[in-house]
Every structure is written in structure tokens, then in C-alpha cells.
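Please look over the sequence and the three-dimensional structure shown below. The paragraphs that follow start from a single side chain, widen to the packing of helices, and end with individual residues.

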Amino acid sequence: MKKSICLFALTVLTVGCGVQQENPLLREWEAPFETPPFDEIKNEHFMPAFLDAMEAEKAEVDAIADSDEEPTFKNTLEALEESGEQLDRVSRVFGCLNSANTNDELQDISKEIAPLQAKHSDDINLNEELFARIKQIYEEKDSLGLNPEQHTLLENYYLGFVRSGANLNDEDKETLRGINEELSKLYVKFRQNHLKQTNAIALVIDGEAGLAGLPDDVVQAAAETAKARGLEGKWAITLQKPSFIPFLMHSEKRNLREIVFKAYINRGNNDDEFDNKKLISRIAALRVRKANLLGYKTHADFVLERNMAKNPENVYKFLNDLWKPALRRAKTEVADMQAVINREGHDFKLQAWDWWYYAEKVKKEKYALDDAMLRPYFKMENVRKGSFDVAEKLYGVRFVKRHDIEVYHPDVEVFEVLEADGTHLGIFYSDYYPRDGKRSGAWSSSFRSQSNIDGDLITPLVFNVGNFAKPTADKPSLMSMDEVETLFHELGHGLNSLFANTVYSGSRRVPRDFVELPSQIMENWARDPAVLKTYALHYETGEPIPLELIDKLEKAKYFNQGFRTVEYLAASFLDMDWHVLTDATEQDAAKLETESMDKIGLIAEIESRYQSTNFGHIFSSGGYSSGYYSYIWAAVLDADAFEAFKEAGLFDRELAASFRKNVLSKGSNDTMAQYVRFRGSEPKVDALLKRRGLD
Ligand SMILES: [Zn+2]
């Protein structure tokens, strides 16, 4: 799956605006809406900007910590909230570029800066004077007359410090610093290995025989990829999804499908300089040590404490409840495909690299539907407009194209987002095509978060990044249904950031297993027949998608759901199994994975969606570790929430307003209560099972 979102950092930092003319990262930004001046930002600006910004923040935090005044909410919590602006902005611009448009130089900076950032965060989180002030305020919290948002902010800071080790003794603090520093380096190394291996060419086809079965646009894209890599006259399939998935769907060459598929699942597992096995074993071991230091049995216990799920037992129970019906369904899908193989007169057993190919055949046979019939209706520009229109119908907001805002790559486009009454809400950047400097997947994040301290309204700058089908020389970007859903999904995260409406950005901590609700709910509109016919317009004729095709899509909606659910759940179990380790010795990564998959009885025809060595969600940062289950946890919420729209009307403005107010615009430390305010009751799993045909 897609999806990662940069969560709102709790202890994001610091300082005012030291005006330094020469470095565009440190200077006031004068462009419209104070957007980043990408035309001026050069690689060499980052390192000095990081160093200056960290120093500025340190000075500011020290001033708070060392103040002679009695600690108050205002001189401590609010002061912390207002600090770190410069570092926040440098980190966010750097983070965006290093993920979406990186190069060797940026990667070197990232290697150098990661341990310094880890140390800098620890200097703040382990600052005893600062913590003593926060603790004093926290202990007096009920007598301070704080409003609910201030309570949330205070709790977030207090728990953030405790969970970062503020209560440890000096010796343990030193140990923790060492672990954090080492982890920061390992994450960078994982990301860089992962990028190298994802950008590798899986297969070079030399001669037309190797193209059997491939539709023209797949052939053309492969030719362009080869040309861009200096292999003119040949065809290249890479491990980026828009390249290899269509190949797996259509190639008649079973041996070539096997090569491509194995190259994909073996990323990070080739016993070469980019191998991740040792590295992830080390990460997992360090996580156990860290959890133990902080008083938790396992890393998962540590992480889940602040999620809706609360503990590993609840996650396992939830996953197990879904596993059986999903596996049962997947086995019937295998049988359907094996029947096709047998009927074609072959005598082989379906293998994992055959799945896409035979699934397409079954889909064609059962539903008279295939990927190639749909793509002409999913031109990127139309799909994006469709997603904007959904936002407008629900919330009244409009997306207006801007040409006066600088971007970091020509593929990036910029929109101003306006309320129904024309009030400026924020800026939205879209960046949808794969390139070598971009990591795989899709994500949403921002260059700046909303806040409104003392009436100083800061509006958000949000971006969505994807890896969707690229335009070719003679065709625009024509997306698959999956990509369409991903685009809507990321816009959902984007709206979550754009609709933020709080005084303090630090009060909007959203648990990992709640944050996919705003995104996933948007996918429901993407595939709704009434919405499809408004945006799925043929790229040549402009004709809306025929009703007959919508009907077929509707009928095929349970198609392959066994597979999708099983490969996803397998990865979720794998994530959990890595993080319920109680033993801080380094594991044999391959063995752990095999045992994990054997334990759940994963069938040979399906591989986990990610293998340990390429599981970026859980090993490229702390991000989704013990949290990959979140997508399906949140799917229970989004299926249930969308039922409310089905009952009230797809675009019921009153219900949308309640969703915006209760779910999208605020944070709280009781997300279930937030949800219930919107829905009237807690979610039931029924809607999800029904939607996937697993009931
Ligand atoms: Zn997401």
C-alpha cells in the first residue's frame, strides 16, 4: 500500500527568525504565502542552515529552561510551541526533497545530519530543568484553569518527555542517547539501500519476443525507461510499481514474470552492499533495549500505549479475527486461477509471480473487465480534479491553480485552497510521477503546519507525493484504479492538514491507527458510481465512463479482496512479530520472517506485501513500526464512517461539517470520543467485512 504521513511532531522545536540574508533557508520567505523559495535553495545551504537553526533552538530552549520565573503554561508550554520555527522549516524542506527528489549530495547531508539531529532532540528531551518545569505544571494542571486544548497540549508534552527518557537516571540517559544516535544512522542507511534497490532495473528486454502480451503503452513506457538509462532500442522494467505491476499483469512470458517478481521481493536481500538483513536485526534489537530502558516489555508495548489499540494483544486479536475469512477467500481465488491454468492446458501450479497475470484473466472472464479498459478514463488531471470536486462538494473548499509559486521539480503543481467564502485556507502541492530521486509509495506531509497563537494565524503548506503512471511521448498519465484510490487517499491526509484549526499545532497529535481514517474515507468517494461518472472522462473524447463499465466495476468490487487482505495482513503480522521481541539479541532476519509467515499459515501463492528487508514503513524510521496494522484498523473506522454518508447522502453538508469539525480539524487524546461525536456510536467491524465481501 501507499501511504505514509508525517505526523505532527510533538517536541518540534524552536526559535525566532534570525535574519541571515545569504542563506535562503534561514531568511524570511517573501514569496506568496511565505512558500519555500525553491529556485534559490541549493544543496549547500542545508548543512549550515541546520547547524544555525539547531543552535538558535538550543538558545531558545535554554532560555525557557533556565528562566527565573515560576513555570507557567505561557512561559513554558506556549513558549516551547513557538520555538523551533527555523529548524522546523529547514527540516521539513530537507525531508521533502530528500524523499521526493534526492541526489547523492542530499543523501550525504542526511547521513551527516541524522545523528546530530538525534543528539539535538535528546538535548531537549533530556533537559532536566526544562522537564522539571513541565512536570510542575503537569502536576498542577487541574488548578490552572486550562481549556481542553491546553490540557491536551500539556499532556502531549509531558508524556512526550517521559517517553523520551526524561525520568531516567544519568547512566540510562547516556545509554538511551547512544541507542538513538545509532538508530538514526541505521534508518538513513536503510532508506538509502532501499532507494538504490527500488531504482534498480529488474529486467532488460532485448528483442520483441520478450514483449509478448504487453499492451502498447506498457511497451512504450518500457522503451522510454530503457532510453533514459542509456539502453536505447531495448525495453526496461524497473521495480517501481507503475513499471512492474503492468508487466506482471500482462506479460505472457512466465519466466520473465518470475525474474521481475523475485527481484521485487528480494530488494534488500541480495547479500550485496545494499543488503538490509543485518541492519534490520540491529534496529529491532536496539528497539528492544530502548523499550526496556523506558520500562516496557517490548517495542510494541511502548508504541501501542498511545494508539487506539493500546497493546499488542489487542492488535493480534484484531488481525487474527480478519485473517481466517481473508485466507478462506484467497484460497477460492487461487482455485479460480488454477482452473484457468488447467483449462489453458498447462500443468504447473499457480505461483506468486503468476497472480497478477491470472487475476487479470479471471477478472476479464468473470466480469468482462480489465485494467486497460479503465485507464483511458483515469487521466491524472481528471482524477485530481475529481478529488478536488469531492472536497468542494463536501466542504465548500476550492482548489485554484497558481503559477507564481516556486516548485522543486517541474512535475510539481501548486494550488491555493480557499474556503467557500474565499478565505485563504492553505497551499497544496501535488507531485505524482516516479523518478530516480523519489522513494517508492505515496505520502502526504507539509512544509508548515497550521497554528494560531495570540491571533497570529499561520496557514498550512501541504504536499502530496505519489508514484503514478507517467505520461509517455504520446499519452498523458493514465492511472490504474489503485492509483486513483491512492490519489484520493493522499488528498484525504492533505485535507486533514489543511483543515487543522487549533491554537497550537502540538495539540493535534493523532494516533497512528486513527490517522488513516481521514485518508481512507476519501477512497470511498473515488470508487462510488455517482462520483466516478463525474470525473472518469475518456482522455481523448471527454466522454464519461459508460454506465456499463461502472456496473462491471461494481460487480467486480469483491474481486481479489482475499489476496489484498491476506498480503496486507501478512505484512502486519510480520511487523508485530519483529516488535514483540523481548530479547535484545540480533535475530536471524530470514528465519524470523519464515517463522512468522508459517505461524499464520500464509499460502505459497501469496507473499507478504513487504518482506522484512524492504519494509520501509517499519525500518526506514520509527514511523509505522508496530503500526502497519493501522490501515485496516482505520478501515473499520472509515467503512463505518462512510456508512453514515450513505445513510445521510453522499455529499450531505451537515454531516461533512461534523466530520470536519470532530475528526479533521482537531486532535485529542481520546480519539474514540472524537469519533463518537461524529458518528453517535463506536464503529462496528461489519461495514468493513461487507465492503470487502468477507462477511
Ligand atoms: Zn495514508
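The side chain of Gln-192 reaches the backbone oxygen of Gln-107 at a distance of 2.9 Å, which falls under the heading of a polar contact, defined as a pair of N or O atoms within 3.5 Å, where within protein one must be able to donate a hydrogen and the other to accept it, and where residues adjacent in sequence count only if both atoms are side-chain atoms. This is a predicted model, in which local features need pLDDT of at least 70 and side-chain atom pairs count only at pLDDT 80 or more, while totals for chains, interfaces and linings use all residues. Residues are numbered from 1 along each chain as its sequence is written, and side-chain values use heavy atoms, with hydrogens and water left out.

Gln-192 itself sits in helix H7, residues 170-198, where helices (H or I, at least four residues) and strands (E, at least two) are DSSP runs numbered from the N terminus. With a relative accessible area of 11%, Gln-192 is buried; buried means under 20% relative accessible area, exposed over 50%, and partly exposed in between, with a 1.4 Å probe and protein chains only. When residues up to four places away in sequence are not counted, Gln-192 touches Gln-107, Ser-110 and Lys-111, contact meaning heavy atoms within 4.5 Å.

Gln-107 and Ser-110 also take part in the meeting of H4 with H3, in which Leu-87, Ser-91, Phe-94, Leu-97 and Asn-98 of H3 meet residues of H4 that include Leu-106, Ile-109, Ile-113, Gln-117 and His-120. Helix H3 (residues 85-100) and helix H4 (residues 104-125) pack at an angle of about 140°, with their axes 12 Å apart; axes are lines fitted to C-alpha atoms, for helices over the stretch in contact, and angles run from 0 to 180 degrees between N-to-C directions. H3 and H4 are therefore oblique to each other, since angles under 35 degrees count as roughly parallel, over 145 as roughly antiparallel, 65 to 115 as roughly perpendicular and the rest as oblique.

Arg-254, in helix H10, is partly exposed at 24% relative accessibility, and its side chain makes a polar contact with that of Asp-354 at 2.8 Å. His-617, in helix H23 (residues 616-619), is buried at 12%, and the side chain of His-617 pairs with that of Tyr-631 at 3.3 Å.

Finally, consider the backbone. Most residues other than glycine have a negative phi. Asp-271, however, has a positive phi of about 50° although it is not a glycine; Asp-271 lies in the loop between H10 and H11 and is exposed at 66%.
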